[in-house]
Amino acid sequence: MTVKEGYVLADSLQKQEEGRDGRGRFLKGRSGNPEGGFRKGRSGNPKGRQPGSRNKATETAELLLAGEVEALTRKAVELALAGDATALRLCLDRIIPARRGRAVQISVAPVRGTADLGATMAAITTAATSGAITPGETAELARVVEIYVRAVEASDFERRLRAMEERIEAGA
């Protein structure tokens, strides 16, 4: 028996004593934590994943594709030109990216209070019906007006409540 064989034998015996099989796996009903499985409220990795760490599958895919970017792009364009709808959509998505929010220009007088909101909503509706803004942009602007109304109502309620409490305290 060689030294290496003796070492392997001793190592496997030690593993069996720890509740592991010959391949180093835990025996049924045993774990590496003799006190019991996971402890409630305690993370096995309290620091979490390191900032900037990357997924191994993504890194592998990038390595595999590193030298093939030009060939793959050329093939996608060829397929698109040949009429492949999926390749065409892929190419167009790269040329013309999905539309994101844009700055909307409509003439609205500054809103100083709830009395100005009727004119504001009229301007938004006019812009929508004339096609200056999309229906989605109209809905977003209407939501902004609604949030403004709620904020005004909440601050007005707070002001009235405080005034009422002061009157009650002064009268008591």
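A search of the whole structure, which is a predicted model, finds 5 salt bridges.

| Salt bridge | Closest N and O atoms |
|---|---|
| Glu62 with Arg54 | 2.7 Å |
| Asp156 with Arg159 | 2.3 Å |
| Arg160 with Asp156 | 3.4 Å |

In the pair formed by Glu62 and Arg54, Glu62 counts as partly exposed because its relative accessibility is 43%, and Arg54, at 38% relative accessibility, likewise counts as partly exposed.

The other two pairs in the table lie in helix 6, which spans residues 135-171. Asp156 and Arg159 are 3 residues apart in this helix and are therefore separated by about one helical turn, while Arg160 and Asp156, being 4 residues apart, are also separated by about one helical turn. Salt bridges with shared partners join Asp156, Arg159 and Arg160 into one network.

A contact between two other helices has another make-up. Helix 3 (residues 69-81) and helix 4 (residues 85-95) pack at an angle of about 120°, and their axes are 7 Å apart; this angle makes helix 3 oblique to helix 4. The crossing of the two helices is left-handed. Helix 3 contributes Ala76, Val77, Leu79 and Ala80 to the contact, and helix 4 contributes Ala87, Leu88, Leu90 and Cys91. By class, this contact has 8 nonpolar residues, with no polar and no charged ones.

Notes. Residues numbered from 1 in each chain as written. Predicted model: local features only at pLDDT ≥ 70, side-chain atom pairs only at ≥ 80, totals over all residues. Heavy atoms only, no water. Axes fitted to C-alpha atoms, helices over the stretch in contact; angles between N-to-C directions. Parallel < 35°, antiparallel > 145°, perpendicular 65-115°, else oblique. Left-handed = near helix turned anticlockwise from the far one by under 90°. Contact = heavy atoms within 4.5 Å. Nonpolar A, V, L, I, M, F, W, Y, C, P; charged D, E, K, R; others polar. Salt bridge = Lys/Arg side-chain N within 4 Å of Asp/Glu carboxyl O. Buried < 20%, exposed > 50% of the residue type's maximum accessible area, 1.4 Å probe, protein only.
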